[in-house]
Amino acid sequence: MRDSYAVVNIVRSVATGLLWAATCILANPAQAMSDVESIYYYQKDGSYGYYQTLLNRALEITTPEYGAAVPAMYNPGDNNATEARGLSLLKQKRIQVIFLSVSYIRETQFRAVPIALEEGLLGLRLLMINKNTQPRFDGVQSDDQLRSDFLVGFNPLWGDYPVYQHNGFKLAPATKYNLLFKMLSSGRFDFFPRGLTEVWRELDEFNKQYPDLQVEKRFAFYYPYPVYFFVHKDNERLASRLELGLKRLQANGEFKRHFQQHFGANIARAALDKRHIVLLHNPLLSVDTPLVKPSWWPPTTPFPTP
């Protein structure tokens, strides 16, 4: 009999709890739904996966202070993912965050989170060349020869085009991405600066069409060109949250592990300690942009200082 009373009491307790929960739901249906905040971004291309993961982890690790939040892709069916469109969406507050290279203008118009997401690796460039021109590069005796004796292929619509103009290179502009590889193969210019994460993937992709392309063996370029999270000027709360999250990921070692998983193999393949790194000035940055020596920088090469 006592067991029967116990069962009845348990059932009554459960029923009372369910009734209380139902009352709360009816009183506050919005809160009954998930309280997870969506942080919208627009860069959906697979090449942005590294930054998307950092965004997600920075939000997760700051949940105790700021509440639950998850990254969400803005309008997944929209393929018009240009930088200009993304910045326009951010200005209109239709998205909350964007990950782009730093410039004085962007830092003026938006709130930057001043932590280099890829440790400045975007500013490291290897030279894609036609195999037949390697002997010319082998004969280079000074950095100035690369400016005076060689023609550079580049897209004038890309954000760092002014870097090459400012540093005195002779440029062969082309606005169509695929055309640049064709022009290089046919000798219309001498080299095409490519990012460390791009150059071997592109060689594999275009190998059948242009088997005469390769990575130049002696040189690399470097100019300060960090990628930051940017948010709207009014969104100081999100900026502070992302900065706190990134610093925590740096402190617990997760940031470095994530970086190595994505870029470590290509950094090793580049053999930077055996290359002459040509240092270029980036006129797009403000004087206040911090220049931090990255972990991947070869120890025998002086790091540029302001």
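A residue is termed buried at under 20% relative accessible area, exposed at over 50% and partly exposed in between (1.4 Å probe, protein chains only). The model is predicted: local features need pLDDT of at least 70 and side-chain atom pairs pLDDT 80 or more, whereas totals for chains, interfaces and linings use all residues. Residues are numbered from 1 along each chain as its sequence is written, and side-chain values use heavy atoms, with hydrogens and water left out.

**View A. Tyrosine rings at Tyr223.** Tyr223 and Tyr225 are buried, as is Tyr164. Rings of Phe, Tyr and Trp (its six-membered ring) pair if their centres lie within 6.5 Å; planes under 30 degrees apart are stacked, over 60 edge-to-face and the rest tilted. Tyr164 and Tyr223 are edge-to-face, at 5.6 Å centre to centre and 85 degrees between the planes. The ring centres of Tyr223 and Tyr225 are 5.7 Å apart with planes at 55 degrees, so this pair is tilted.

**View B. The largest nonpolar core.** A nonpolar core is a set of buried Ala, Val, Leu, Ile, Met, Phe, Trp, Tyr and Cys residues joined through side-chain atoms within 4.5 Å. The largest has 55 residues, and Phe229, Leu242, Leu246 and Trp296 have the most contacts inside it. Apart from this core lies another of 21 residues, including Tyr164 and Tyr225.

**View C. Surroundings of Trp296.** Contact denotes heavy atoms within 4.5 Å. Beyond its neighbours within four places in sequence, Trp296 is in contact with residues including Glu118, Leu121, Tyr222, Phe259 and Leu272.
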